[in-house]
Amino acid sequence: MICLTLSSSTLDGCCGQIRRNRDYIDIAELRLDLLDGSEAEKASVFPAMAGIPVILTLRRVSDGGRCALSERARRQLLLAALDGDFAYVDIEEDVKKSEVEAKAREKGVKIIRSFHDFEGVPEDIYSRIHHLTERGDIAKAAVTPHSIHDVLMLFHVADELKDVPKIIVGMGEWGIPLRILYARTGSFLTFACDGEPVAPGQVSARDLKLLYRADRVDDRTAIYGVIGNPVLHTSSPAIHNPGFDVINYNAIYLPFLVDNIRHFFTLAEYLRMRGFSVTIPFKKDVLMYLGNITREVKQIGSCNTVVRVPGMWKGMNTDYYGFLRPILKDIEKGRIRNSLVIGAGGASQAIVWALRNMGVKVTILNRTLSRAESLAAVNLCEYDTLDNARNYEGQVDLIVQTTSVGLYPDFDANPIEGFRFTGREVVYDIIYKPKMTKLLKVAEEAGCTLHFGEEMLFEQGKLQFELFTGYHYPNGIHPLI
Ligand code: ATR
């Protein structure tokens with residue numbers, strides 16, 4: 001089940017949150033500690049207003065909530081609320097047998113026994129969950145993983161406790177795979193927020209239901225993902241998940257924040273993942289774990305696509321094709337013969353290789369000359385410093401911007417400030433946030449043809465989808481990148 005955590009300070013406000021998310025959720029959690037005092041006292045009327053099952057929770061400050069009442073006063077408030085027909089009540093691990101528990105049992109309200117750890121994952125998590133199930137109907141462990149290894153361990157623990165009724169919550173940004181794959185952890189429900197997440201690690205009810213289709217994950221669901229650090233801003237789930245849906249493939253694609261590649265490969269094997277995308281900073285680091293790589297990966301020296309083949313992982317590169325696709329016709333028709341590539345970092349490697357592979361002349365311009373020199377040596381092209389950019393005015397058909405200059409939130413930066421375009425150039429900025437960078441604005445004013453980072457992102461994703469599934473990316477999907 002997808003459970004919406006209600007965060008409004010009034011009961012009417014909470015009802016509004018349920019109405020807004022009604023299509024995405026199965027159950028809601030009323031947090032008495034987030035309500036205004038007078039509203040909390042009236043909480044017993046809420047289940048009748050809600051129209052869906054409701055969990056009653058009054059979280060103490062020590063467990064990450066806002067309730068600062070004495071334990072006695074807290075019990076009184078919960079007891080009063082239990083006059084209403086709540087489906088579940090959350091009682092913390094350390095709370096002794098009380099009238100709250102007795103009243104819940106008498107009314108047939110199920111008891112969730114919970115503990116929270118905001119520091120990490122306790123070593124005795126396994127036995128604690130076990131113990132909780134003896135004292136309630138469902139055990140809830142909300143813990144804070146700090147590495148991909150912690151995430152792996154939590155999937156393990158969940159498997160060990162397969163038949164135990166439980167909820168395992170991974171708090172913070174490391175915990176996102178556990179929240180999205182809650183069905184794989186055998187968790188009875190996953191918690192979701194209303195609207196855009198306000199803290200790292202939250203996932204909206206809408207995304208869980210519509211983007212990830214998390215409630216449809218079962219034992220046969222093929223798991224795909226993207227690894228990176230940072231990775232949570234990635235748009236790739238919006239490309240792959242709708243594609244899976246259209247071709248009727250029981251699969252899910254989600255982000256994995258990663259700190260250690262070796263541990264991630266262990267997790268990937270544990271989850272029997274079928275493939276994943278690789279983003280910064282792991283495009284080189286993955287190479288040593290691959291049993292097979294394509295010619296492009298070997299020559300470019302970086303891999304952005306990994307798929308499972310019998311007995312091993314195979315690495316491919318779709319960045320170079322994603323980049324080329326929007327300008328391929330211009331190259332084939334001879335409209336693009338020579339180019340300037342700004343930047344000599346990881347992203348530039350695939351682009352320089354792609355252009356050279358198509359016979360386009362390339363001059364690499366970089367702030368640090370030595371990096372431009374080494375990339376130029378490998379790809380047999382020219383190089384120069386960024387300061388000399390204006391010497392190339394009117395000399396090239398294509399200008400590609402591959403540095404991070406101009407990237408959100410640095411809207412006003414342009415790596416070749418002052419460069420004068422003739423208007424005949426094709427100008428391609430691989431930054432996709434913002435879509436229209438400062439450089440592209442200047443180029444547009446001069447009448448140049450523009451290409452955007454989101455075109456490259458979408459095209460590389462479409463090819464990746466083919467490698468993942470064996471099917472063409474379906475027509476008619478326009479992901480918001
Ligand atoms: P990526 O994998 O995104 O390409 P990278 O390998 O760190 O990241 O490369 C970043 C590129 O942006 C480099 O070409 C870098 O220039 P240097 O080699 O001189 O570092 C370029 N870059 C980053 N910040 C820059 C800035 N403020 N001005 C000019 N170039 C910049």
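Before anything else, a definition: when I say two residues meet, or are in contact, I mean that they have heavy atoms within 4.5 Å. Hi everyone, and please keep in mind that this is a predicted model.

With that in hand, let's go to a helix pair. Ile239, His240, Gly243 and Phe244 in α10 meet a set of residues in α18, namely Leu457, Phe458, Gly461, Gln464, Phe465, Phe468 and Thr469. How do the two helices sit against each other? Helix α10 covers residues 236–246 and helix α18 covers 453–469, and they pack at an angle of about 45° with their axes 10 Å apart. Angles under 35 degrees would count as roughly parallel and 65 to 115 as roughly perpendicular, so α10 and α18 are oblique to each other. Their crossing is right-handed.

Now over to helix α1, residues 11–21. Which of its residues are buried? The list is Leu11, Cys14, Cys15, Gly16, Gln17, Ile18 and Asn21. As a reminder, an α-helix has 3.6 residues a turn, so residues three or four places apart point the same way. You can follow that spacing from Leu11 through Cys14 and Ile18 to Asn21, each of them buried. The cover over these buried residues includes strands β1 (2–5) and β2 (27–31), together with helices α2 (37–41), α3 (46–50) and α9 (205–211).

Side chains of opposite charge can pair when their charged atoms come close. Arg20 pairs with Asp194 in a salt bridge, with the closest N and O atoms 2.9 Å apart. This one links distant parts of the chain, since Arg20 is in helix α1 and Asp194 is in the loop between β8 (190–192) and α9, 174 residues apart. Arg20 counts as exposed because its relative accessibility is 53%.

Is the next pair, Asp90 and Arg59, buried or exposed? Asp90 has 2% relative accessibility and therefore counts as buried, and Arg59, at 3%, counts as buried too. Their closest N and O atoms are 3.0 Å apart in a salt bridge. Here too distant parts of the chain are linked: Asp90 is in strand β4 (residues 88–92), while Arg59 is in the loop between β3 (54–57) and α4 (71–81), 31 residues away.

A further salt bridge joins the side chains of Lys209 and Asp215, at 2.7 Å from N to O. Lys209 is partly exposed at 24% relative accessibility, and Asp215 is partly exposed at 29%. Salt bridges with shared partners also join Arg59, Glu71, Arg74, Asp90 and Glu92 into one network. The total count is 28 salt bridges.

Last stop, the backbone. Most residues other than glycine have a negative phi, and most peptide bonds are trans. So where are the exceptions worth a look? A cis peptide bond joins Asn229 and Pro230, with omega about 5°, and Pro230 sits in the loop between β9 (222–228) and α10. Lys433 and Pro434 are also joined by a cis peptide bond, with omega about 5°; Pro434 is in the loop between β19 (426–429) and α17 (438–445).

Arg213 lies in the loop between α9 and β9 and is buried at 7% relative accessibility. Arg272 lies in the loop between α11 (261–270) and β11 (275–278) and is exposed at 53%.

How values were computed: Residues numbered from 1 in each chain as written. Predicted model: local features only at pLDDT ≥ 70, side-chain atom pairs only at ≥ 80, totals over all residues. Heavy atoms only, no water. Buried < 20%, exposed > 50% of the residue type's maximum accessible area, 1.4 Å probe, protein only. Helix = DSSP H or I, 4+ residues; strand = E, 2+ residues; numbered from the N terminus. Salt bridge = Lys/Arg side-chain N within 4 Å of Asp/Glu carboxyl O. Axes fitted to C-alpha atoms, helices over the stretch in contact; angles between N-to-C directions. Parallel < 35°, antiparallel > 145°, perpendicular 65-115°, else oblique. Left-handed = near helix turned anticlockwise from the far one by under 90°.
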